[in-house]
Amino acid sequence: MNTVQKLDETDLKILRILQANSNLTTKELAQKINLTPTPTFERLKRLEHDGIIKQYVAIIDADKVGYGFMVFCAVKLKSLNQEFVKQFTGKVKEIREVTECYNISGEYDYMLKIMAPDMKSYQHFLLNELGPMECLSSLTSMFIMDEIKHNYSFMM
């Protein structure tokens, strides 16, 4: 279980700025938080070391690279036992098309976010990746028609 870490206002300001643009140099970041580069660098390294900043990524426009067909897939396992959970989560971690996977409560056990080029590719994915898994009981696909809001940052 994660423990909440105490962050001061400068740490929070760094995190807010980096969520908007993680491509800043240490010098540019230092200017935005009114510190010199050395203490800014030290704070940044501490935030990374403590696992508060998990990684830096480039956000790709899925449509422009041919992966704009997005599907949420709700999955129910035959049984919630260690063997089935391990089989399912292990396989899902290996599948390139699955960009997110959440263990959820309610009628289903997992929610997957899947990116594919088109409906035919998604059908191929179902038949060849998820379908053969012995641990599955059922799944429901929900096709994304329009993205209304997608925010990679959250305010602290």
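Which residues gather in a patch of negative charge on the surface?

1. Basis of the note. This is a predicted model, in which local features need pLDDT of at least 70, side-chain atom pairs count only at pLDDT 80 or more, and totals for chains, interfaces and linings use all residues. Residues are numbered from 1 along each chain as its sequence is written, and side-chain values use heavy atoms, with hydrogens and water left out.

2. Negative patch. The residues asked about are Asp-61, Asp-63, Asp-146 and Glu-147. Patches are made of residues with over 30% relative accessible area and no salt bridge; like charges are joined within 9 Å, and nonpolar side chains (Val, Leu, Ile, Met, Phe, Trp, Tyr) within 5 Å. Lys and Arg count as positive and Asp and Glu as negative, while His and the chain ends are not counted. The place of a charge is taken as NZ of Lys, CZ of Arg, CG of Asp or CD of Glu. Glu-147 belongs to the segment after β4 (136–143); helices (H or I, at least four residues) and strands (E, at least two) are DSSP runs, numbered from the N terminus. Glu-147 counts as partly exposed because its relative accessibility is 44%. The classes are buried for under 20% relative accessible area, exposed for over 50%, and partly exposed in between (1.4 Å probe, protein chains only).

3. Nonpolar patch. Val-57, Ile-59 and Tyr-152 make up a nonpolar patch on the surface, and together they have about 330 Å² of accessible area. Accessible areas come from the Shrake-Rupley method with a 1.4 Å probe; for residues, only the protein chains shown count as cover. Tyr-152 is in the segment after β4, and its relative accessible area of 51% makes Tyr-152 exposed.

4. Salt bridges. A salt bridge is a side-chain nitrogen of Lys or Arg within 4 Å of a carboxyl oxygen of Asp or Glu. How many salt bridges does this rule give? The count comes to 8. One of the pairs is Arg-16 with Glu-9, at 3.1 Å from N to O. Arg-16 is partly exposed because its relative accessibility is 26%, whereas Glu-9, at 52%, is exposed.

5. A pair between helices. Arg-46 and Asp-11 form a salt bridge whose closest N and O atoms are 2.7 Å apart. This pair links distant parts of the chain, with Arg-46 in helix α3 and Asp-11 in helix α1 (residues 9–20), 35 residues apart. Is Asp-11 buried or exposed? Asp-11 is buried, because its relative accessible area is 3%. Arg-46, with 31%, is partly exposed.

6. Salt bridges that share partners join Asp-8, Asp-11, Arg-43 and Arg-46 into one network.

7. Arg-43. This member of the network lies in helix α3 (residues 37–49). Arg-43 is buried because its relative accessible area is 19%. Contact means heavy atoms within 4.5 Å. With neighbours within four places in sequence left aside, Arg-43 is in contact with Asp-8, Thr-10, Asp-11, Ile-14 and Leu-35.

8. Backbone at Asn-34. Most residues other than glycine have a negative phi. Asn-34 has a positive value, with phi near 60 degrees. Asn-34 is found in the loop between α2 (26–33) and α3 and is exposed, because its relative accessibility is 65%.

9. Ser-138. Strand β4 holds Ser-138, which is partly exposed at 30% relative accessible area. Which residues does Ser-138 contact, leaving aside its neighbours within four places in sequence? They are Ala-74, Val-75, Lys-76 and Tyr-108. Ser-138 and Tyr-108 are 30 residues apart in sequence, with a C-alpha to C-alpha distance of 8.7 Å.

10. Tyr-102. Strand β2 (residues 98–103) contains Tyr-102, and a relative accessible area of 46% makes Tyr-102 partly exposed. Not counting residues up to four places away in sequence, Tyr-102 touches Asp-109, Tyr-110 and Met-111. From Tyr-102 to Thr-38 the separation is 64 residues in sequence and 39 Å in space, C-alpha to C-alpha.
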